[in-house]
Amino acid sequence: MLDKISKKILGELQNDGRISNVELASRVNLSPAACLERVRKLQDAGYILGYTAQLNPQMLDVALLVFIEVVLDRTTPEVFDAFKRSVQAIPEVLECHMVAGGFDYLIKARVKDMNAYREFLGKSLLQLKGVRETHTYAVMEEVKSTTKLPVR
């Protein structure tokens with residue numbers, strides 16, 4: 001169980017992963033040494049998985065965000081494993097989740113535009129072993145997009 005200070009540290013790091021230890025310590029009312037030790041313990045315990053930069057998809061020419069429902073032709077462990085291995089190697093795929101319901105996987109991907117998506121679908125996704133069908137939802141507006149977890 002996390003105490004209030006550890007939760008505050010996690011919240012601050014989610015807001016700014018590049019914050020200096022001195023500034024972080026000031027915000028959570030700890031000495032820099034004690035704060036650094038807390039952060040190390042949170043990392044060692046697995047609460048902090050890593051640090052990344054948030055990039056602008058428009059500036060990197062991958063502005064089209066799509067969600068793709070994937071239905072596999074068989075639901076066997078071998079087909080699931082082959083699909084997982086294959087999809088992990090596709091750079092356009094940002095997220096892939098096995099889901100319960102009317103389809104097997106939900107994929108979140110970014111590409112340049114609709115032409116690039118059609119190429120991605122035909123050359124990458126539909127070529128994966130076991131894929132029977134897909135349904136695509138192109139995002140018209142991102143209402144909320146965050147990687148921040150609620151820390152309570």
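Visitor: Which exposed residues does the face of α4 turned away from its buried side carry?

Guide: Pro77, Glu78, Arg85 and Gln88 are the exposed residues on that face of α4. Buried stands for under 20% relative accessible area, exposed for over 50%, and partly exposed for what lies in between, with a 1.4 Å probe and protein chains only. Before we go on, note that this is a predicted model, in which local features need pLDDT of at least 70 and side-chain atom pairs count only at pLDDT 80 or more, while totals for chains, interfaces and linings use all residues. Residues are numbered from 1 along each chain as its sequence is written, and side-chain values use heavy atoms, leaving out hydrogens and water.

Visitor: Which residues of α4 are buried, and what covers them?

Guide: In α4, the buried residues are Val79, Phe80, Ala82, Phe83 and Val87. They lie on the same side of α4, because they cover an arc of only 165° around the axis; the arc is taken from the directions between the helix axis and the C-beta atoms. Their cover includes the strands β1, β2 (93–98), β3 (105–111) and β4. Helices (H or I, at least four residues) and strands (E, at least two) are DSSP runs, numbered from the N terminus.

Visitor: How many residues does α4 have, and what span should they give?

Guide: The expected span is 1.5 Å times one less than the number of residues. Helix α4 (residues 77–88) has twelve residues and should span 16 Å, and its end C-alpha atoms are 17 Å apart, which agrees. The 13 residues of α3 (residues 32–44) should span 18 Å, and the end C-alpha atoms of α3 are 18 Å apart, again in agreement. For the twelve residues of α1, the reach from first C-alpha to last is 17 Å, close to the expected 16 Å.

Visitor: At what angle do α1 and α3 pack?

Guide: Two packed helices are described by the angle between their axes and the distance between the axes. For α1 and α3 the angle is about 80° and the axes are 11 Å apart. That makes α1 roughly perpendicular to α3. Axes are lines fitted to C-alpha atoms, for helices over the stretch in contact, with angles from 0 to 180 degrees between N-to-C directions; 65 to 115 degrees counts as roughly perpendicular, under 35 as roughly parallel, over 145 as roughly antiparallel and the rest as oblique.

Visitor: Which residues of α1 and α3 meet?

Guide: From α1 come Ile5, Ser6, Ile9, Leu10 and Leu13, and from α3 come Cys35, Arg38, Val39 and Leu42. By class, this contact has seven nonpolar, one polar and one charged residues. Ala, Val, Leu, Ile, Met, Phe, Trp, Tyr, Cys and Pro count as nonpolar, Asp, Glu, Lys and Arg as charged, and the others, Gly among them, as polar. The buried residues of α1 are Ser6, Lys7, Ile9, Leu10, Glu12 and Leu13, and their cover includes α2 and α3.

Visitor: What is Lys7 in contact with?

Guide: Beyond its neighbours within four places in sequence, Lys7 contacts Met1, Leu2, Val151 and Arg152. Lys7 and Pro150 are 143 residues apart in sequence, yet 9.8 Å apart in space, C-alpha to C-alpha. Arg27, in helix α2, is partly exposed at 34% relative accessible area. Setting aside neighbours within four places, Arg27 contacts Lys8, Glu12 and Ile19.

Visitor: Where are the residues Asn29 and Asp61?

Guide: Asn29 is in the loop between α2 and α3, and has a positive phi of about 60° although it is not a glycine. At 66% relative accessibility, Asn29 is exposed. Asp61 is in the loop between α3 and β1 (64–72), with a positive phi near 65°. Asp61 is partly exposed, at 42%.

Conventions
Contact = heavy atoms within 4.5 Å.
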